[in-house]
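Colleague: I would like to go through this model with you and ask, term by term, what each label rests on.
Modeller: Gladly; here is the structure.

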Amino acid sequence: MSDATLHAHSLDPDSFAVQVADSIESFIVATTEVAKGDEPDSAIPFLLLEVSQLLLAGGRLGAHEDIVPDERYEPDTGPDLDVDDLRERFAALLDPVDVFSEVFDPYEPRKAPVPFRISDNLADIIMDLRHGLAHYRAGRTSEALWWWQFSYFSNWGPTASATLRALQSLVAHVRLDQPLEALDGLDTDEDVADEDLAEEAGRVMAQEIAGPLGLHTRK
C-alpha cells in the first residue's frame, strides 16, 4: 500500500470521523438489539455480519496514520455505562456455544489456546466503543478517533477478531453440516492444564444448539 493511499483519509478528517463514528454507533445499536433475544434463530449470523462490518472500520483506523488528540490529557467522559446486563443477555442467548478457544497472540511461539466467552468479548467491545463515542458526541473528534485507534490495537480489535473467528466457525459448521463436539464443561473460570485445553480447543457444546440458535446437528 502506498503512503498516499495509507494517509488519504487525513485529507478529509471530518468525513473519516463521521464514517467511523457511524459504523461504531451502528454496531452498538444492532448488537444491543440482538441481545434482547427477540430473534434468537438469526442471532449468530447477524452477529457475524455486525462484527465483520465493525472490523472494516477497525481496519481503516489501523491503516490510518497515528491520530494525535488535541489535548495532552484525555478529558473526563464520566463513568462508563455498565455492560453487565448486556453481557448476561448475550450469555443467555448464546448458551451453550458461548465458550470458545483462542490463541491470544499468534506471534508468541508455543502458546496453548485459552478459553474465552463470546458474551464477554461483545460486552467489552461495546464498552470500548462507547467510551470513544462519548468523546465524539461531546465534539472531541480527534480524541474519539485517537481512543478508537488506540483501543483497536490494544483491546477491541484483537477481541473482535477472535469473536469473528468463533462466529464464522459456528456458521461454517452448520452450513457444511459438520456437527460440533461437546466442550465437556470447559469454562473460562476453570484452571485447565495446557495439554487438556489444547486437546479440547475449538470444540463447543452442540446438544442444545438446534432450538434457541437456529442451528442443527447431524443425526
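This is a predicted model: local features need pLDDT of at least 70, side-chain atom pairs count only at pLDDT 80 or more; totals for chains, interfaces and linings use all residues.

Colleague: At what angle do the axes of α3 and α6 cross, and how far apart are they?

Modeller: The α3 and α6 axes cross at roughly 145° and come within 8 Å. As for the residues that form the contact of α3 with α6, 18 are nonpolar and eight are polar, with no charged ones.

Colleague: What makes α5 roughly antiparallel to α6?

Modeller: The angle at which α5 and α6 pack is about 160°, and their axes are 9 Å apart. Angles over 145 degrees count as roughly antiparallel, and therefore α5 is described in that way relative to α6. The crossing in which α5 passes α6 is left-handed, and the contact of α5 with α6 is made of 14 nonpolar, nine polar and two charged residues.

Colleague: Where do these helices stand in the chain as a whole, and in what order do the elements of the protein chain run?

Modeller: The protein chain has eight helices and two strands, and, read from the N terminus, the order is α-α-α-α-β-β-α-α-α-α. Of its 219 residues, 39% are buried.

Colleague: Why is Leu-54 called buried?

Modeller: Leu-54, which belongs to helix α3 (residues 43-63), has a relative accessibility of 1%. Buried means under 20%, so Leu-54 counts as buried. Its C-alpha atom is separated by 6.6 Å from that of Ile-24, although Leu-54 and Ile-24 are 30 residues apart along the chain.

Colleague: Then how do you know whether Gln-19 counts as buried, exposed or partly exposed?

Modeller: Gln-19 is placed in helix α2 (residues 13-35), and its relative accessibility is 33%. The cut-offs are under 20% for buried and over 50% for exposed, with partly exposed in between, so Gln-19 counts as partly exposed. Between the C-alpha atoms of Gln-19 and Ala-57 there are 8.3 Å, while 38 residues separate them along the chain.

Colleague: And what makes Ala-21 buried?

Modeller: Ala-21 also has its place in helix α2; with a relative accessibility of 1%, Ala-21 counts as buried, because buried means under 20%. The C-alpha atoms of Ala-21 and Trp-148 are separated by 9.4 Å, and these residues lie 127 apart along the chain.

Colleague: How do you know on which side of the cut-off Ser-151 falls, buried or exposed?

Modeller: Ser-151, a residue of helix α6, has 1% relative accessibility and therefore counts as buried, the cut-off being under 20%.

Colleague: One last point concerns the backbone: which residues does the cis peptide bond join?

Modeller: The cis bond joins Asp-95 and Pro-96, with omega at about 15°, and Pro-96 is found in the loop between α4 (84-94) and β1 (99-102). For background, most peptide bonds are trans.

Conventions:
Residues are numbered from 1 along each chain as its sequence is written. Side-chain values use heavy atoms; hydrogens and water are left out. Axes are lines fitted to C-alpha atoms, for helices over the stretch in contact, and angles run from 0 to 180 degrees between N-to-C directions. Helices (H or I, at least four residues) and strands (E, at least two) are DSSP runs, numbered from the N terminus. Angles under 35 degrees count as roughly parallel, over 145 as roughly antiparallel, 65 to 115 as roughly perpendicular and the rest as oblique. A crossing is left-handed if the near helix is turned anticlockwise from the far one by less than a right angle, and right-handed if clockwise. Ala, Val, Leu, Ile, Met, Phe, Trp, Tyr, Cys and Pro count as nonpolar, Asp, Glu, Lys and Arg as charged, and the others, Gly among them, as polar. Buried means under 20% relative accessible area, exposed over 50%, partly exposed in between (1.4 Å probe, protein chains only).
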